[in-house]
Protein chains: 2
Amino acid sequence: MENSNNNRRNFIKKAALGGLMAVSIPEILSAAMVSSVHKKNPLNRNDIILFQGDSITDSGRNKEDNSFNSSSALGSGYPMLAGAKLLQKYASHNLKVFNKGVSGNKVYQLAERWETDCLGLKPDILSILIGVNDIWHKLNGQYNGTVEIYRNDYMALLERTKKALPKVKLIICEPFAVPGVKAVDGKWYPEFYAYQESARKIADQFGATFIPFQKIFDEAQKQAPGDYWTGDGVHPTLAGAQLMAQAWIAGVK
Amino acid sequence: MENSNNNRRNFIKKAALGGLMAVSIPEILSAAMVSSVHKKNPLNRNDIILFQGDSITDSGRNKEDNSFNSSSALGSGYPMLAGAKLLQKYASHNLKVFNKGVSGNKVYQLAERWETDCLGLKPDILSILIGVNDIWHKLNGQYNGTVEIYRNDYMALLERTKKALPKVKLIICEPFAVPGVKAVDGKWYPEFYAYQESARKIADQFGATFIPFQKIFDEAQKQAPGDYWTGDGVHPTLAGAQLMAQAWIAGVK
């Protein structure tokens, strides 16, 4: 707490010197998406939307609850916040929003449960956010992966998905981290950039919408310090989760 | 589930006959606020925002968590959804958002815990949503209240609040119900209208912003049936909670 207050004070000092500029999310998105596919996914009636990923997506959802559209099933993170907005705004669309993120997952663990937790649900829109554990668990000695494994596993997963669900609209979310906040130190770099670049290239290759979360979090730090947006550099606070939800929705409609 | 599908089918049939008209929340608010104070509460730097009320406000918050700005402390309802949006949008404001709603509360129960759960927190913006249990618990025989008790208790609570916190900005939320959905049957009416009218008059009298939730839920049923917005006629679904959050924010800024 004291640490956080200090950070805030230092931040405010810096911000006062540098001048606080508000940059809107649509501006960030259009800037960041230039090099990407930059296509939107129009929502259709009866669409099934599935969020997949690791703990950032999981966000404490109740895994006994196999339903959709409720905060119990969606957790307390960006899938729930994005879902809430879509369900309210497009109330007449009869949307079904699922979250099947599982804490700790790397790409190969998505693959292990893909039949049940993705293909069987027949999503019309599939959003994936994966990659932080692929490097983090390597840095802390729990995992032996490389960026090549990440890329190859990810591409194989998407090929399998496209084969089973040829019409699915893909949203690839950029794995992100906030350097200097707790878990995220110099050891992550430059290697983590290669994971992010892979996600972006895979999005291009598969015609997916790319959500540039790193850019979003970088820009957000002009408004408030890193630990306002994420408690440990990886997991977003409520404010950070709303930032993600807004960016995600801007990529959809 | 089957029941819900039937409702949806009937609704869609009716909607197809009647024509689906999208009405935006700002339009609803400006229409509904004409007879009310219709003033906004500008947010200031370092503002403390407090949500007070019953289970609709409580929304499963972790009562061991006395902090602010987290989904654990804010629950899974409109205070968390409104809080998430404010914390993201006004990131440089250093806002603190608290939720101290308690399931089952009527006005006199707010009064019993007001020192700790309101005055001691010194909110700059105080939002109250109370009234459904004041009639519901009477209808199911758990409580002996009347609309006069509701009104008198509510006014006494606000007088006490204004005395302790002369500068506090008040937001009075209209108690609401969705007739025809489970718990809410003909026995609620016309008596419930008198509770709603009291809340509105009290808002006028105390110079509070009034959030016309009944109107919001009535209009929302042009988009999707009542059970899309509330599971039992009283407690909102995630979509209903987002509807409330959006209306609440429109009343603030």
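**Entry 1. Chain A overall**

I looked up the burial in chain A first: buried residues make up 57% of its 253 residues. I take buried as under 20% relative accessible area, exposed as over 50%, and partly exposed as in between, with a 1.4 Å probe and protein chains only. The model is a predicted one, in which local features need pLDDT of at least 70, side-chain atom pairs count only at pLDDT 80 or more, and totals for chains, interfaces and linings use all residues. Residues are numbered from 1 along each chain as its sequence is written, chains are lettered from A and ligands numbered from 1 in the order in which they are written, and side-chain values use heavy atoms, with hydrogens and water left out.

I noted 13 helices and 5 strands in chain A. Helices (H or I, at least four residues) and strands (E, at least two) are DSSP runs, numbered from the N terminus. I then looked at contacts, meaning heavy atoms within 4.5 Å. Among those in chain A between residues at least 6 apart in sequence, 79% join residues at least 24 apart.

**Entry 2. Leu110 of chain A**

I located Leu110(A) in helix α6 (residues 107–112) of chain A. Its relative accessible area is 0%, so Leu110(A) is buried. Leaving out residues up to four places away in sequence, I found that Leu110(A) touches Gln52(A), Gly53(A), Asn105(A), Ile128(A), Ile130(A) and Leu157(A). I also checked Tyr154(A): Leu110(A) and Tyr154(A) are 44 residues apart in sequence, and their C-alpha atoms are 9.3 Å apart in space.

**Entry 3. A helix pair in chain A**

Two packed helices are described by the angle between their axes and the distance between the axes. I applied this to helix α11 (residues 213–220) and helix α13 (residues 238–252) of chain A, which pack at about 130° with their axes 10 Å apart. That angle makes α11(A) oblique to α13(A). Axes are lines fitted to C-alpha atoms, for helices over the stretch in contact, and angles run from 0 to 180 degrees between N-to-C directions. Under 35 degrees counts as roughly parallel, over 145 as roughly antiparallel, 65 to 115 as roughly perpendicular, and the rest as oblique.

Which residues of α11(A) and α13(A) meet? From α11(A) I listed Phe213(A), Ile216(A), Phe217(A) and Ala220(A), and from α13(A) Gly240(A), Leu243(A), Met244(A) and Ala247(A). The residues of this contact divide into 7 nonpolar, 1 polar and no charged. Ala, Val, Leu, Ile, Met, Phe, Trp, Tyr, Cys and Pro count as nonpolar, Asp, Glu, Lys and Arg as charged, and the others, Gly among them, as polar.

**Entry 4. The sheet in chain B**

I traced an open sheet of 5 strands in chain B, with parallel pairing and the order β2-β1-β3-β4-β5. Strands pair if DSSP finds at least two bridges between them. β2 (96–99) and β5 (209–211) of chain B are the edge strands, each pairing on one side only. On average, and with direction ignored, neighbouring strands of this sheet are turned by 15° against each other. Helix α5 (residues 78–89) of chain B packs on the sheet and touches β1 (48–53), β2 and β3 of chain B, its direction making about 165° with that of β1(B).

I then followed β3(B). With β4(B), strand β3(B) pairs in the parallel sense over 5 bridges, residues 125–129 against residues 169–173. β1(B) and β3(B) likewise pair in the parallel sense over 5 bridges. Ile125(B) has Lys169(B) as its bridge partner in β4(B), and Ile49(B) stands opposite Ile125(B). The partner of Ser127(B) in β4(B) is Ile171(B).

In a regular strand the side chains alternate between the two faces of the sheet. In β3(B), Ile125(B), Ser127(B) and Leu129(B) point one way, Leu126(B) and Ile128(B) point the other way, and all are buried.

**Entry 5. Backbone details**

Where does Pro190(A) lie? I placed Pro190(A) in the loop between β4 (169–173) and α10 (191–205) of chain A. The peptide bond from Tyr189(A) to Pro190(A) is cis, with omega near 0°. In chain B, the bond from Tyr189(B) to Pro190(B) is cis, with omega near 5°.

I recorded a positive phi, about 35°, for Lys182(A), which is not a glycine. Lys182(A) lies in the loop between β4 and α10 of chain A and is exposed, with a relative accessible area of 69%. Asn46(A) has phi near 65°. I found Asn46(A) in the loop between α2 (25–32) and β1 (48–53) of chain A, where it counts as partly exposed at 46% relative accessibility.
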